[in-house]
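Dear colleague,

Please find the structure below, passed on to you for your own work.

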Amino acid sequence: MKTPYKRKTYWNEPTMTLWERAYLPEILRGMAITSGVFLRNMRRWITGKKGALTTYYPEETRWDYAALNRGKHVLTMRPDGKPQCIACNMCATVCPAKVIEIEAGFDPSDTAHPKFPLRFEIDYSRCIFCGLCVEACPEDAIRMAKEVPGLPAEDRQQMWLTLEEMMSWQPQSDVAKPYAAAGAPKTGGIAGGTE
Ligand code: SF4
Ligand code: SF4
């Protein structure tokens, strides 16, 4: 007789003591910890000490990101406004979280760069911001810039970063290479368009 399939578990089942299973003592202990942290932070806030304040995102943005912080992805452009990307799929292949999806288009009239991305999307609900896609790109076509507007969302489906957004969002700073001026053509009118 065939043995029924048993799913693997990737976590350790918690084991609880009798005291923990009694429920109420642990609830009271949790409330005591929360109240203690709240009162400690409140005392620091009242006395003006650092460490108790949080950033009220998105109304406030943090100024103390680490120097090596990686931000949102940007696709670089050629001077004519077309994406530098040649849809080689190397970034998608190297991505450890498998969150990059590229659909390649073909433009025989562009003999230098016949392949281009028709669709280029990154699922930000699963991206781990490792930067390997940037390292793998042979064309310097994808970068990560520090400013991170619109990164969080309430719906996972809204967290797909699209080709259009990656090309229309103009980061304010990049020491390696200037980006196209604001108002430059976004996709260069490539046959097939985007998405
Ligand atoms: S930063 Fe890392 S996880 Fe995110 S898209 Fe690039 S390779 Fe994938
Ligand atoms: S971004 Fe770079 S690595 Fe990714 S498909 Fe485009 S050219 Fe290839």
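In which loop does F129 lie? The loop between strand 3 and helix 4 (132–136) holds F129. Please note before reading on that this is a predicted model.

Backbone angles

F129 is not a glycine, yet its phi is positive, near 55°. Most residues other than glycine have a negative phi. F129 is partly exposed, with 15 other C-beta atoms within 10 Å. K98 likewise has a positive phi, of about 55°, although it is not a glycine. This lysine belongs to the loop between helix 3 (90–94) and strand 2. K98 counts as exposed because 10 other C-beta atoms lie within 10 Å, the limit for that class being 12 or fewer.

Overall architecture

The protein chain contains five helices and five strands. Their order from the N terminus is α-α-β-α-β-β-α-β-β-α. Of its 195 residues, 12% count as buried. Among contacts between residues at least 6 apart in sequence, 68% join residues at least 24 apart.

Helix 2

Helix 2 covers residues 24–46, which makes 23 residues. From its first C-alpha to its last it reaches 33 Å, close to the 33 Å expected at 1.5 Å a residue. The number of buried residues in helix 2 is zero, so this helix lies largely in the open. Just after helix 2, G48 takes a positive phi of about 70°.

Strand 2 and strand 3 are joined in the antiparallel sense over seven bridges; F106 has K115 in strand 3 as its bridge partner.

Strand 1 pairs with strand 4 (residues 142–145), also in the antiparallel sense, over four bridges. The bridge partner of H73 in strand 4 is M144. In a regular strand the side chains alternate between the two faces of the sheet. Strand 1 is covered on both faces: K72 and V74 are buried on one side, and H73 and L75 are buried on the other.

Nonpolar core

The largest nonpolar core has 18 residues, of which L75, C85, I142 and M166 touch the most other members. Strand 1 (72–75), strand 3 (115–123) and helix 5 (163–168) each supply at least two residues of this core. Leaving aside neighbours within four places in sequence, M166 is in contact with H73, V74, L75, F120 and L161. In soluble globular proteins, nonpolar side chains tend to be buried together.

Ligand surroundings

Ligand 1 is surrounded by 13 residues, the closest being C95, C127, C130, L132 and C133. This shell comprises 12 nonpolar residues, one polar residue and no charged ones.

Around ligand 2 there are 13 residues, and the closest are C85, C88, M90, C91 and C137. Here the shell divides into 11 nonpolar, one polar and one charged.

With kind regards

Key: Residues are numbered from 1 along each chain as its sequence is written. Chains are lettered from A and ligands numbered from 1 in the order in which they are written. This is a predicted model: local features need pLDDT of at least 70, side-chain atom pairs count only at pLDDT 80 or more; totals for chains, interfaces and linings use all residues. A residue is near a molecule or strand if its C-beta atom, placed from the backbone, lies within 6 Å of it. Ala, Val, Leu, Ile, Met, Phe, Trp, Tyr, Cys and Pro count as nonpolar, Asp, Glu, Lys and Arg as charged, and the others, Gly among them, as polar. The expected span of a helix is 1.5 Å times one less than its number of residues. A residue is buried if 20 or more other C-beta atoms lie within 10 Å of its own, exposed if 12 or fewer, and partly exposed in between; C-beta atoms are placed from the backbone. A nonpolar core is a set of buried Ala, Val, Leu, Ile, Met, Phe, Trp, Tyr and Cys residues joined through C-beta atoms within 7 Å. Two residues are in contact if their C-beta atoms, placed from the backbone, lie within 7 Å. Two strands pair if DSSP finds at least two bridges between them.
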